Amino acid sequence: MRFLILALFLSTLFFACKRTNQNGDGSGELILYNNPPAEGFNIEDSNPIAIMLADQAMNAMGGREAWDNTRFVSWNFFGRRHLFWDKAENKVRIDRDDMVMSLDMDDMTGQVWRAGEALQNADTVNKYLKSALDMWINDSYWLFMPFKLKDSGVTINYVRDDTTKAGEPASVLWLTFEEVGNTPQNAYEVWVSDETRLIRQWAYFRNAEDKEPAFVLPWDNYQQHGEILLSGDRGERKITDIKVWDKAPKNVFTSPEPIYKASS
């Protein structure tokens with residue numbers, strides 16, 4: 001492991017000095033990032049360039065400390081449902097049609113309401129809580145993926161230089177997964193801008209062995225939310241009503257009252 005870490009540092013140092021200067025002055029300034037990987041991140045099979053690019057993407061969106069300091073976030077996923085996430089407590093509330101689902105993702109307990117009335121049947125409640133977890137896994141990845149490049153079960157590799165569909169030069173990462181999430185067979189290509197180091201495009205593969213992606217979509221229109229930058233623009237698909245909260249609305253996880261009323 002000591003030799004692996006040394007090789008990682010030396011390779012990253014070389015690549016950083018060669019490619020990361022964004023000022024155009026040839027200085028090749030090296031920046032070290034305080035972005036330790038999650039336990040279970042596959043560092044052995046991830047290459048040093050990809051790890052450095054992941055750190056730079058994190059930094060471009062506000063940095064690891066800003067992400068760790070961001071606790072409450074809400075957003076609307078494609079107009080289908082509204083989510084409120086407490087990162088610190090690992091809780092999520094999802095409003096969808098006349099349903100409200102409040103879930104503690106650590107122990108899979110929670111409450112479900114339909115048209116303001118609490119559901120009582122345990123099997124029915126558990127079914128909806130499981131669906132809430134599935135929604136959160138999907139919807140949060142569409143918004144927060146750049147912060148999760150070094151998560152448990154992830155392997156990242158730099159594969160090539162390329163341009164996005166919009167013509168922006170970028171470095172492309174290849175993401176694969178092992179025993180994580182609902183669909184570990186998925187894979188992604190991620191375009192990291194050479195200029196800004198923001199992620200500007202992704203391609204989704206249903207299976208890592210697929211030759212062609214199921215879709216290629218942009219990551220456009222980054223906006224400041226609290227201490228971090230977030231992009232909700234996926235071309236024809238939009239994540240809207242993104243908000244970072246200083247504190248949670250009262251009873252947000254214990255009442256079906258709409259969030260906008262609870263926050264007033």
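In the predicted model, residue D139 touches W75, F77, R81 and L83, residues up to four places away in sequence being left out of account. D139 is found in helix α4. With a relative accessibility of 0%, D139 falls under the 20% limit and therefore counts as buried.

Helix α4, which spans residues 122–144, also takes part in the lining of the largest pocket. The contribution of α4 is seven residues, the most given to this lining. Helices α2 (48–60) and α3 (64–69) likewise supply at least two residues each. The lining comprises 38 residues in total, and those nearest the centre of the pocket are I137, Y141, K148, D151 and F177. By class, 21 of the lining residues are nonpolar, eight are polar and nine are charged. The space within the largest pocket amounts to about 950 Å³.

The buried positions of α2 are P48, A50, I51, M52, L53, A54, D55, Q56, A57 and M58. After α2 comes G62, which has a positive phi near 130°.

The protein chain as a whole contains five helices and 14 strands. Nine of the strands form an open sheet with antiparallel pairing, in the order β6-β5-β4-β3-β2-β1-β14-β13-β12. The edges of this sheet are β6 (117–118) and β12 (220–225), each of which pairs on one side only. Within the sheet, β4 (residues 99–104) and β5 (residues 109–114) are joined in the antiparallel sense over six bridges. One of the residue pairs concerned links V100 to W113, its bridge partner in β5. In general, the strands of a sheet pair through backbone hydrogen bonds, in either a parallel or an antiparallel sense.

Strand β9 (residues 187–193) pairs with two other strands, β8 and β10. Strand β8 (residues 169–177) runs antiparallel to β9 and is joined to it by seven bridges. In this pairing, L175 stands opposite Y188 of β9. Strand β10 (residues 199–205) is also antiparallel to β9, with six bridges between them. Here E189 has A203 in β10 as its bridge partner. The hairpin of β9 and β10 has five residues between the strands, and R197 in this hairpin takes a positive phi near 65°.

Seven of the seven residues of β9 are buried, so this strand is largely enclosed by the rest of the structure. In a regular strand, side chains alternate between the two faces of the sheet. In β9, A187, E189, W191 and S193 point one way, whereas Y188, V190 and V192 point the other way, and all of them are buried.

Over the whole protein chain of 264 residues, 47% count as buried. Among contacts with a separation of 6 or more, 48% are accounted for by residues 24 or more positions apart.

Methods: Residues are numbered from 1 along each chain as its sequence is written. This is a predicted model: local features need pLDDT of at least 70, side-chain atom pairs count only at pLDDT 80 or more; totals for chains, interfaces and linings use all residues. Side-chain values use heavy atoms; hydrogens and water are left out. Two strands pair if DSSP finds at least two bridges between them. Helices (H or I, at least four residues) and strands (E, at least two) are DSSP runs, numbered from the N terminus. On a 1 Å grid over the protein atoms alone, a cavity is a set of points where a 1.4 Å probe fits but cannot get out, and a pocket is an open set with protein on both sides within 12 Å along at least five of seven lines; lining residues have an atom within 4 Å of a point. Grid points are joined across faces, edges and corners, and a volume is the space filled by probe spheres set on the points. Ala, Val, Leu, Ile, Met, Phe, Trp, Tyr, Cys and Pro count as nonpolar, Asp, Glu, Lys and Arg as charged, and the others, Gly among them, as polar. Buried means under 20% relative accessible area, exposed over 50%, partly exposed in between (1.4 Å probe, protein chains only). Contact means heavy atoms within 4.5 Å.
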